[in-house]
Amino acid sequence: MAAALRVSCSPVAARGSAKPSPLDPAICQPTAVGLSCWKRRACGPLFARRRCVAERSKEDPPVPVLAETEDEKTQPDGDAEVSVSSAAVIDNREEEEEAEGTEEEEQPQTRLTYNIVFVTAEAAPYSKTGGLGDVCGSLPIALATRGHRVMVVSPRYLNGDSDKNFANAVDVGRRIKIPCFGGEQEVTFFHEYRAGVDWVFVDHFCYHRDGNPYGDRYGAFGDNQFRFTLLCYAACEAPLVLPLGGYIYGQNCLFLVNDWHASLVPVLLGAKYRPYGVYKDARSILVIHNLAHQGVEAATTYQNLGLPSEWYGALEWVFPPWARTHALDKGEAVNILKGAIVTADRIVTVSQGYSWEITTVEGGHGLNELLSSRKSVLNGITNGIDVDDWDPASDKFIPFHYSIDDLSGKAQCKAALQKELGLAIRPDCPLIGFIGRLDYQKGTDLIKLALPELLQDDIQFIMLGSGDPDTEDWMRSAESTYREKFRGWVGFNVSISHRITAGCDILLMPSRFEPCGLNQLYAMRYGTVPVVHCTGGLRDTVEDFHPFAEEGSGQGSGWTFSPLSKDSMLGALTMAIETFREHKSSWEGLMKRGMSRDFTWDSAAAQYEQIFEWVFVDPPYVG
């Protein structure tokens with residue numbers, strides 16, 4: 001077997017057009033790692049199965065591609081292949097056409113279409129712990145609407161409570177064996193076609209346990225590296241072995257890998273696929289949602305990943321002396337996210353501000369120098385929001401509906417929320433809310449510090465969240481101490497989060513760092529004015545209020561404060577409170593400007609398409 005290429009600081013690329021090679025289930029060997037099967041591609045059951053895939057495609061032919069390459073016009077090896085170009089075909093499903101009827105709706109136009117494969121640890125509504133799930137549940141649909149063929153690959157989590165989320169996903173009858181962690185691990189695939197997207201779920205017993213995708217009440221799962229290694233291998237195989245809609249996605253696809261959980265994908269492409277002529281024209285884009293989580297494990301775990309020894313340098317990580325446990329500790333580790341930063345063809349963060357912050361010492365979490373070296377392929381795109389789920393004119397979770405043209409329902413939502421939580425129903429009393437995880441990143445320690453002084457004013461304050469046990473206990477205690485002014489809801493509840501967003505006048509977000517943030521976007525759409533720390537996506541999306549701009553009509557959608565301190569935060573809140581009380585017309589202008597902002601996913605999807613065009617300009621990473 002040929003040795004994999006050594007990691008190089010200066011990527012060297014090779015172009016080509018290898019044909020897809022789906023595997024026979026009886027062989028049960030991944031394309032990249034079952035090299036003996038790859039060499040037998042012109043004989044035996046594998047050759048027969050490739051003809052079978054092509055014959056099925058003739059019965060249900062795909063829509064013609066938008067652009068045809070020379071490689072598609074000819075088949076050098078004489079093998080009948082499904083024609084899949086670097087500009088992807090549009091998936092055409094007869095049953096969906098019948099459901100939609102014969103009326104043609106105008107769709108957003110795009111210049112090129114691609115076969116896009118999202119790889120993610122979570123995707124709403126199937127699995128979600130935060131913004132990652134929201135993004136990977138909404139952006140694929142927006143891209144599919146714009147004409148791309150889109151697959152999302154994530155684990156099939158079963159814990160008793162969430163099993164119903166996968167009720168419509170069916171076993172596609174494909175099983176592959178993945179060589180890692182000292183043996184061959186068998187995984188299966190489930191599939192659901194919904195909203196124009198192929199939702200593919202990797203099934204293995206390690207995903208069947210209580211808790212969330214990453215851990216339970218005792219902490220993070222100890223085998224997370226194993227669980228997400230399986231996800232990455234399976235995601236590399238899915239475009240080659242799953243005939244979704246009658247034909248496979250093929251090799252000329254674009255992988256969007258999200259955070260460290262999916263970061264082995266670009267490493268695998270360079271180490272285990274391209275050296276053998278597979279995925280030679282594919283590209284990978286790393287999407288960083290939160291750089292603080294990097295998938296760092298002991299250096300000895302590298303041998304479990306199934307990668308060639310020559311590729312250790314791509315993942316090598318050495319802790320500084322001050323971070324080591326003892327004098328003999330060499331600090332050697334592997335960093336999965338670092339591997340993707342080195343090998344991905346482009347890097348995207350979830351806001352423009354965050355794309356700059358991660359190149360600084362303060363925001364880079366030890367990777368700032370590496371990210372600075374890749375600044376030429378680093379971009380930021382602000383997340384969108386699901387405007388169907390988050391729409392004050394139709395939200396099923398709020399008691400009264402309203403819009404930018406009729407704000408009367410906003411006051412009714414406030415009164416209903418005050419009544420529900422046992423607060424005095426006072427329209428003129430500023431109601432401030434916080435929604436988020438109770439941890440250091442979200443600045444909850446600053447809220448604890450400032451609350452006694454803040455509640456000396458005539459205001460009401462609501463907190464919703466879970467996380468740090470000490471902060472949860474503090475919320476319960478504060479509710480007893482400030483019974484007339486403070487309410488703390490420990491835990492997370494979707495419906496109450498919608499009602500708080502609709503009922504509050506002000507949303508407070510004192511995050512230390514915030515790659516994008518979604519709550520401030522939800523708040524503005526609901527006419528709730530955000531007060532945020534000037535960082536990351538918060539700085540990008542919240543425009544400071546200027547009452548005398550635009551010939552006195554005002555400008556801005558909220559307040560930002562910096563530095564991150566109690567006095568700075570209280571100063572911004574004081575200005576917001578006084579504006580609410582004393583300047584009603586200015587406050588209404590703030591509300592309406594926020595509600596008129598375009599935070600739809602279609603806008604973000606158009607920006608992603610520009611990145612897609614750029615990534616195919618340069619040759620792919622080889623190693």
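User: Which residues are linked in a network of salt bridges?
Analyst: This is a predicted model, where local features need pLDDT of at least 70, side-chain atom pairs count only at pLDDT 80 or more, and totals for chains, interfaces and linings use all residues. Residues are numbered from 1 along each chain as its sequence is written, and side-chain values use heavy atoms, without hydrogens and water. A salt bridge is a side-chain nitrogen of Lys or Arg within 4 Å of a carboxyl oxygen of Asp or Glu. The network links R146, D602 and E609.

User: How many salt bridges does the structure hold?
Analyst: Side chains of opposite charge can pair when their charged atoms come close. The count for this structure is 20.

User: Is E357 buried or exposed?
Analyst: Buried means under 20% relative accessible area, exposed over 50%, and partly exposed in between (1.4 Å probe, protein chains only). R539 is partly exposed at 31%. E357 has a relative accessible area of 10%, so E357 is buried.

User: In which helix do E588 and K592 both lie?
Analyst: The side chains of E588 and K592 meet in a salt bridge, 3.1 Å from N to O. An α-helix has 3.6 residues a turn, so residues three or four places apart point the same way. E588 and K592 are 4 residues apart, about one turn, and both lie in helix α19.

User: At what angle do α18 and α19 pack?
Analyst: Axes are lines fitted to C-alpha atoms, for helices over the stretch in contact, and angles run from 0 to 180 degrees between N-to-C directions. The axes of α18 (residues 566-582) and α19 (residues 584-595) are 6 Å apart. Contact (heavy atoms within 4.5 Å) involves residues including F580 of α18 and W587 of α19. The packing angle is about 115°.

User: How many of the 10 residues of helix α15 are buried?
Analyst: Helix α15 (residues 494-503) is mostly covered. Among its buried residues are H498, R499 and I500. The cover includes α12, β15, β16, β17 and α16.

Methods
Helix = DSSP H or I, 4+ residues; strand = E, 2+ residues; numbered from the N terminus.
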